[in-house]
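Student: I have a model open and would like to go through it with you. Could we begin with the terms?

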Amino acid sequence: MSEFVSAARLLVVDDQLSHLKALCDILSQHGFDASGCATGEAALALLRKGNFDVLLTDLVMPGIDGLALIEAARALDPHIACIIMTGEGTVDTAVKAMKIGVMDYVVKPFKAATLLPILERAIESRRLRMQNLKLEAALRERVEELGFLNTVLDAARKEAERANQEKSTFLSSMSHELRTPLNSILGFAQILASDKFPKGHGDSQRFAQNIVQSGRHLLSLVNEILDLAKIEAGKIPLTIAPVALDAVLREAYLLVAPLAQTRHVTLAPLPETRLELAADAMRLKQILVNLLSNAVKYNREHGTVSVQCTPHDGHCSVAVSDSGQGLSPAQLATIFLPFSRAGRDDNQEEGTGLGLTITQRLVEAMRGSIEVESEPGVGSTFRIDLPLYGTAAPAALTSGGGHAAVRP
């Protein structure tokens, strides 16, 4: 017998005093804390004063009978386990007992071996009910705590959004002030770098060229910061219309081709496709140029860049793959963060470190998604997924020469 069962408090009610005394003695011998009453009225008085786990009552008694006693007991403690003792067990009696919450009944005369398992089941049921009550109370308390925390987090989120909006508004308002002096620097530096400008010494042209290069880089950085600020502020203008994917890919290839030639990287032939995307043409070209430029810059010498177009479920997946050094899991974790430099913080490649961040924001603004797959030493694949315009969904189209990227 478990510790809980032996410590359980039982109230035994029977108008036959000899049977009541014998039953209480037997239960006490088996480790129960048993109290006895000869009437329902006396039992109710005890129930109001004490906390009992089980009520074991006779069915037929003068005054308050067993069923009425059980109803009154459950009104005081809805979780008390109730058992009926009866010498007149019928189906009708059993149905009535079940309706008022009686757990079991035992037919007189009975032996201790018959009653003890019934009592143990009743006590265990009571224990589970009380345990559930504690768990429910703890859950309610936890829900209240979470509700409070959610309120705090919501307030913090709104404050962060407000601060972010202020940052974006500030950056947007600085557009004219930042661009004007940079354009002046570039204009004077280009004059200085011109062959028609008299040179004071041999290094003047080289210095001027450095000024031009640095100025262009700084202007590119400012433009991308402002672009990002507009996107985050929800003020980036997008014109969603049918865009011929093959035309945009050809334009992007033409823009990236000089860089690929300088780096000795092969651009694999583009796939032939008649797919139309629901996108902003200018921003889509910006996305593809950025992905292709990164694929060239972070490739190996004599490496390959390839494109794959795969329509599916009303969308089109455009994958740009390279055969470069690949990315580690740690680099992949920060790949789309601002200034992450494509996950290569120690790389000497020129760039603002905002390209992939802007690319991600633009793709999402056009109801798409972007993901990256990579394997160190093998290469990387950046895949954008955008909605198709209309219902055209032919078979997958792939450029030649590309390798299969492996998800880390």
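Tutor: Buried means under 20% relative accessible area, exposed over 50%, and partly exposed in between (1.4 Å probe, protein chains only). This is a predicted model, in which local features need pLDDT of at least 70, side-chain atom pairs count only at pLDDT 80 or more, and totals for chains, interfaces and linings use all residues. Residues are numbered from 1 along each chain as its sequence is written, and side-chain values use heavy atoms, with hydrogens and water left out.

Student: Is Lys108 buried or exposed?

Tutor: Lys108 counts as buried because its relative accessibility is 19%.

Student: Where is Lys108 found?

Tutor: Lys108 is in the loop between β5 (104-107) and α6 (112-173); helices (H or I, at least four residues) and strands (E, at least two) are DSSP runs numbered from the N terminus.

Student: Which residues is Lys108 in contact with?

Tutor: Leaving aside neighbours within four places in sequence, they are Asp14, His19, Asp58, Met85, Thr86 and Gly87, where contact means heavy atoms within 4.5 Å.

Student: Which side chain makes a polar contact with that of Lys108?

Tutor: That of Asp58, at 3.3 Å.

Student: Changing topic, what share of the protein is buried?

Tutor: Of its 408 residues, 39% count as buried. The protein has 12 helices and 13 strands.

Methods. A polar contact is a pair of N or O atoms within 3.5 Å; within protein, one must be able to donate a hydrogen and the other to accept it, and residues adjacent in sequence count only if both atoms are side-chain atoms.
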